[in-house]
Amino acid sequence: MAASPSTARAINDRLALELLQEEGPLTAGQLKTLTGLSRPTVADLVERLQGSGLVRIVGETGGARRGPNARLYGLVADRAHLAALDVRTQSVAVVVSDLLGATLAEAVLPIGGDTGIEPAVEGAAALLERTAREAGAVRLHSVGIGAPGLIDPVTGELRETSGIPAWHRRLVAALQERLPATVLVENETNLAAVAEQRVGAARDQSAGTFVLLWLGLGVGAALVLDGKVRRGASGGAGEIGFLPVPGTSGLPSATACDGGFHTLAGSAAICELAERHGLFADARPQEPPAAAVVRAAHTAGTAGDAFLDALAARLAVGAAAISAVLDPGRVVLGGEVGHAGGPELASRVEARLAEMSPLRTEVVASPLGGAAVLRGALLTARDAAQDDLFAPPA
């Protein structure tokens, strides 16, 4: 069935806007080539999008070219301002950007473990508002939040979970109450996987199937199957810290992951392993201590190599479990620790995994590290803004 003229216009406008988002400024001729639309149709949509305030002339191509055919059209970057928050156990990081994703302002606030709920919430909310003002954002359109814990697959809300600070849930609710913006919350590892999929270690995956093994203060995993992040029936897909594994002194429980894979691959466990190999290092601010010792291992000679081999053997246990169940084809070592390990650690994990599993699984290091959460949250906020702004008029 042929689309109505209004539907066809909406489809063409959205296609052109997405091309301008992905490719940057384009001429009318380039839009015609990329969309396959006729010259009159492109001229109409450019005029329409300029009238709506979404597109404007941003320059001309070539020093010798002048006139209408040389005009470059680009998205109006300040049509919407976006924000992303990475909510950790003892800190909050904020970034504010324009519609094109360019960072305008960013900040980090440490929050001590003895901070009360209301002071923590007020401090984080004030940080966001202050950073938005510094960015020149009068009003935020969309806000993406990455937080540890489970996201209810029905309501989309952060669930109350043992071991997670109570102020996390209260912060999400407070921002939804006080901001005239779309506020979206997602598990931080899932958001990191979104970033890896679109701008990181899995952007070349044509099938869109991979697993992100998050290595930070704790461990987690994000499952991307056929291009989509999978949360599971209760939002708990990827809680690999609770995975029963050999090499621990017990089994995890419903309320604590001690005895699970976390006992082998959490930051504290990795630091203990490093100490046994004589490795010590000071972590950077807001960085898991394990990232520092893993980074130091690359220049520690024989002791460093032995430590990385031992760590790879531990990580391969979790990766083998993932591979046996999902056969993802690729495992990304993410988080600050995975990034610090780099290709050297990833290649060791891949080699050890090949000895344990008949399923061919590539292991690669994240180029984004801990920054992937903010990147994923910002991409999610940008998607929400585009869905709204690029939609046809009601």
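This is a predicted model: local features need pLDDT of at least 70, side-chain atom pairs count only at pLDDT 80 or more; totals for chains, interfaces and linings use all residues.
Residues are numbered from 1 along each chain as its sequence is written. Local features need pLDDT of at least 70 and side-chain atom pairs count only at pLDDT 80 or more, while totals for chains, interfaces and linings use all residues.

The 13 residues of α5 span 19 Å from first C-alpha to last, close to the expected 18 Å, which is 1.5 Å times one less than the number of residues. Trp-167, His-168, Leu-171, Val-172, Ala-174 and Leu-175 of α5 are buried, that is, under 20% relative accessible area with a 1.4 Å probe, protein chains only. These residues lie on the same side of α5 because they cover an arc of only 165° around the axis, taken from the directions from the helix axis to the C-beta atoms.

A pocket is an open set of points on a 1 Å grid over the protein atoms alone, with protein on both sides within 12 Å along at least five of seven lines; lining residues have an atom within 4 Å of a point. A volume is the space filled by probe spheres set on the points, which are joined across faces, edges and corners. Among the 40 lining residues, Thr-89, Pro-148, Ile-164, Glu-188 and Gly-218 are the closest to the centre of the largest pocket.

The second largest pocket has a volume of about 490 Å³ and is lined by 22 residues.

Technical notes: Side-chain values use heavy atoms; hydrogens and water are left out. Helices (H or I, at least four residues) and strands (E, at least two) are DSSP runs, numbered from the N terminus. Buried means under 20% relative accessible area, exposed over 50%, partly exposed in between (1.4 Å probe, protein chains only). On a 1 Å grid over the protein atoms alone, a cavity is a set of points where a 1.4 Å probe fits but cannot get out, and a pocket is an open set with protein on both sides within 12 Å along at least five of seven lines; lining residues have an atom within 4 Å of a point.
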